[in-house]
Amino acid sequence: MKKNTWKFTPLQIAAHVGALIPLLWMIWDIFTNNFGPDPIREFTLRTGKTALTLLLLSLACTPINILFKYKQVLKLRRPLGLYSFLYASIHFSIFIGVDYFFNFALIQDALLEKRYAIVGLTTGLILLTLAITSTLGWQRRLKKNWKKLHRLVYLAGALAVTHYIWLVKQGVIQPWIYAGILLILLTLRVKPVKKWAGSLLKGVRFSRAT
Ligand code: HEM
């Protein structure tokens, strides 16, 4: 009998559903005319923020496993990264298709003139590379280099946060909250911190079990 390869854990189902809700919500808002006075800007902002949130969630999977020994969460890294890429692609498509109406001369000027656009584009290109090479086939082809290449996801996170910081007016706190979360996630990867946090939580787990 053919083996069923489409088995999802409840956590995986929750991740897929959770990642698709913002998109379905946006589609609903389009059809119900619920996007406010500047729908294009609203759509750009929402897709950008969702792309960044999913990228950080994807980056959070390994630290969660380190801290709580919860291996299941590692399976979410790829889908969350791919969903981030999906939202980033929609975000970018609105910029070139709706904001600039495929006027490539203007798009080129905007991309090169605005520093937030340059880092946004770089982030998008990194996410594209990671999405293409996220398959098992590419993993086999690139061998050890695959891991090295996929470390670029940290750079993508840092650039996406920079893009956000450079976009907003001074004094807006939200991008700094994202920056703080990213910093915590990156710090948890540093070996001594990883070891210390792991043993701290091991102690907590042990004292709860006894
Ligand atoms: C060439 C690529 C990109 C371009 C040209 C671009 C352009 C833009 C523009 C025009 C805005 C709205 C600015 C405003 O009206 O206030 C924006 C906002 C934003 N973008 Fe991008 N973006 C790009 C890539 C990305 C990527 C890859 C991410 C994340 C992974 C991202 C995350 C964000 C976030 C978080 C916001 C702010 C949302 C908010 O204020 O609520 N962008 N971007």
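The following questions and answers explain the terms used for this predicted model. Residues are numbered from 1 along each chain as its sequence is written. Local features need pLDDT of at least 70, side-chain atom pairs count only at pLDDT 80 or more, and totals for chains, interfaces and linings use all residues.

Q: Why is α1 called roughly antiparallel to α2?
A: Helix α1 (residues 10-31) and α2 pack at an angle of about 175°, where angles run from 0 to 180 degrees between N-to-C directions and axes are lines fitted to C-alpha atoms, for helices over the stretch in contact. Angles under 35 degrees count as roughly parallel, over 145 as roughly antiparallel, 65 to 115 as roughly perpendicular and the rest as oblique. The pair is therefore roughly antiparallel, with axes 10 Å apart.

Q: Which residues make the contact of α1 with α2?
A: A19, P22 and M26 of α1 meet F43, R46, T50 and L54 of α2; two residues are in contact if their C-beta atoms, placed from the backbone, lie within 7 Å. These residues divide into five nonpolar, one polar and one charged. Ala, Val, Leu, Ile, Met, Phe, Trp, Tyr, Cys and Pro count as nonpolar, Asp, Glu, Lys and Arg as charged, and the others, Gly among them, as polar.

Q: How many residues surround the ligand, and which are closest?
A: The ligand is surrounded by 23 residues, and the closest are G48, A51, A88, G120 and L121. A residue is near a molecule if its C-beta atom, placed from the backbone, lies within 6 Å of it. The shell comprises 13 nonpolar, eight polar and two charged residues.

Q: Which helix supplies the largest share of this shell?
A: Helix α2 does, with eight residues. At least two residues each come from α2 (39-68), α3 (77-99), α5 (115-132) and α8 (152-167). Helices are DSSP runs (H or I, at least four residues), numbered from the N terminus.
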